[in-house]
Each structure stands twice: as C-alpha cells, then as structure tokens.
Amino acid sequence: MGLSEELAWRGLVHDVTDPSVPARLDAGGLVAYIGFDPTADSLHIGNLLQLCNLRRLQEGGHSVIALAGGATGMIGDPGGKSEERNLLSSDELALNLAGIRVQLEGFLPGALLENNGSWLQEISVLDFLRDVGKHFTVNQMVAKESVRSRFEGREQGISYTEFSYMLLQAADFLHLFDVHGCTLQLGASDQWGNIVMGVELIRKVRGAAAFGLTTPLVLKADGTKFGKSESGTVWLDRRRTSPYAFYQFLVRSADSVVGQYLRYFTWLPRARIEELDALTLSAPEKREAQRVLAWEVTALVHGAGEADRAAHASSVLFSEEIASLDEATLLDVFADAPSTTLPRAAVPLVDLLADTGLAKSKSDARRHLEQGGVYVNNRRVSVGVDAVLDPDADTLHGRYAVLRRGKANQHLVRFGQ
C-alpha cells in the first residue's frame, strides 16, 4: 500500500489543494511542514494526529519540518475560536516553546525544528505589508471561514491582530520554500484557508508550485474538538496528564470513535484494525478495541513500559492485586478519587464510612458491613460492625488504604507518617 493510499484508508485526508498531491506523496522526496502554536507548554492529544502525520511522511521517504510559532504564537490563530485569544507575554511564550520543543524532538527524531520568530520578528511592518500584504485582497481574507465565522452573528468580531494571522502563516510557507525547498504544508481542516494563502503567495511571488493537505479534526464522541483551552485537556506531557490518566482517557473511548482513533494514532495494520472493528460490533462489552488503542497510543507517547504499568493498574483496580501497584501508580489511579487524610491511629470503619460519605449514616454503614459490602484494598471486610482500619496492618506502602463500598464507590484514605 502506497503512502497516499495508506493515508486515505486511515481517513487522514480531508482535502488537497491539487489532484497531484497523492502521486507526489507516493514518489517521496518532498519537504513538508506542519506548524504548532505554543499556546501552552505542552502539546495535547489533538496535536498528536499531526505529529503522527509527520512521522508517516518521514517513513514514506519525505523530509519534514516541525514549525513552532514563536512569532505567530504572540498573535493567535482565529481558526476554530469564537472569541479573541489572550495574548501571551514573551516569558510565557519562551517557556511554552521550550516545553513543546522537547516533545517535537522526542517524537520526530531527524526532523528539522524551526521557530518562525527567527524570521518574522526581523521583518518590518512596511516590508511585510509591501512584500506579503499587497498580494491579497481584503475580500479574499474576509471570505475565509476562520474570519467569516467571527463576523456572523457575533458582536465581538475579530481584531486586526488575529485578522493578520493568515498572512503571517503564508509568509512562513514562503520562507520555508525559499530556505528549505518546502513545497507541502499539512494541517487540520480548520487550517485550509491559511494553507491556501501560503500556496498562493509562493505562486505569485516565486512563480512556483506548492501544495497543501488537510486532515480531519480529531473530535470526541460528542462531536466537540480537542483543544488546549477546552476542559478536560489530555496533554502529552506526563506532568500534566499522567500515563495512567492518558491510558484511561483512551480506554474509555466510545465505540463510535475507537475505530477512527485506531486508524489515526496507531501503526497497526489494516487487517488488525478491521478485526477490532468487527469485535466492537459483535462483542462491544469486551472493549477489546479500546484496550488495544489505549496500550498502543500510551506506548507511542510514553513508552511500552508506561503502557504496561497503566494497563496493569487498570486491570487490578477492583482486585486484591491493587497491592502490587507502586506508590506513584497507586496515586495516579486515585488522583481524581475523593480522599481523606487522618492521624496515624486505628479508626472504626463505621465512623469512617459515614465520615467519607460512603455511607449515609453510621446505621447505614453498619448495614453495609453486616451485608459484606465493604472492602479495604479490595479485600472484603468479614469481621462485621466492629471492624477497624489499622494504619499498621491495613495500608499500602505504609500509609494508604482504598476503602470501597459496593462495586465502584471508592475513597482513598491517607494516614500521616
């Protein structure tokens, strides 16, 4: 299967600026780039699709450039946004650039990493207006979806700052064409207008052909876009989203999107993905596709060892093997669970169940204990209403206890040292 057929089968081609793009992809030897705006100090799972695309192009015999927007990041791309972005300070931008550079280097060994601040910040306003701005009409710019949507039915509109973004991105493409022979820009479908501007600028200024390819936006099951400013962002930096939380996000993928994510984010062969598609239809309760997706993508981002640890933690969450988890993984597992910190002394479970909200009252707690519905570290409590939680005998790593009532109501108890 050639590269263009592979990308098409995986659903990674939304649009191309020229019908010759598939043949050019199969021939190899292109220089291609994708831009990443440093609006945070980490990339997120929405950016992962573009990182995968650059790696696929590398494997297909192309040279790739990952462009960090050190200059355009100070402006903000209006695409996909209904409101003006907050402008970053120079210090914030520098920290963000440093953070995403590490991720780009790790994911794309051998790629050329560029920062458009190194050339855009050197251009005077008059030179920019003369050399770039004169080649486009305001009518063209207003017609772009990213701009038009900000006019329609919105009082805020769009500032001249964000309105100029597409010209800056076009100037990036021209610079990379001149310096590195770059003739292909890739991006998500909301970048179409910006990419076309760059293609047009190269044609008008250099009389040369350049091309664009857009991929679909990565959407959640409810149809909303992944983004850095949206709630519940899944980051690629383990300090912001732990490998376990990353794995859990993926393993909870809805049946309606898991096949798409397998195509986007993994290198599994077509036969294996179609086998998982069939299993999702015939035995959705097994969630085999979700487990494969979670392991593959966690391994891609964090390494196979972290993927193994996350899968193990997920599998023992409700078994006595929870005691086998190392302290860091245990805390990752229960990072979002309610917790209570207690002095280092034995405490009656009746009191603890009521105080933590696992039982409505002490009498309700006694009832759950009598019925065998209470667990400490996933071991059923069998001594009845007089049971106590002893920090010296009932803890994991000497200070933690997982208190559970019923199948899924959990509470992490921490004892002082």
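How are helix 13 and helix 14 oriented to each other, roughly parallel or roughly antiparallel? Before the answer, a word on the model. This is a predicted model, in which local features need pLDDT of at least 70, side-chain atom pairs count only at pLDDT 80 or more, and totals for chains, interfaces and linings use all residues. Residues are numbered from 1 along each chain as its sequence is written, and side-chain values use heavy atoms, with hydrogens and water left out.

Helix 13 covers residues 255–265 and helix 14 covers residues 270–282; helices here are DSSP runs of H or I, at least four residues, numbered from the N terminus. Their axes are 10 Å apart, at an angle of about 175°, where axes are lines fitted to C-alpha atoms over the stretch in contact and angles run from 0 to 180 degrees between N-to-C directions. The two helices are therefore roughly antiparallel, the word for angles over 145 degrees. Contact, meaning heavy atoms within 4.5 Å, involves Asp255, Val258, Gly259, Leu262 and Arg263 of helix 13. From helix 14 come Ile273, Glu274, Leu276, Asp277 and Thr280.

Helix 13 also packs with helix 3, residues 45–59, at about 45° with axes 9 Å apart. On the helix 3 side the contact uses Ile45, Leu48, Leu49, Cys52 and Arg56. Helix 13 supplies Arg263, Tyr264 and Phe265.

Notes: Parallel < 35°, antiparallel > 145°, perpendicular 65-115°, else oblique.
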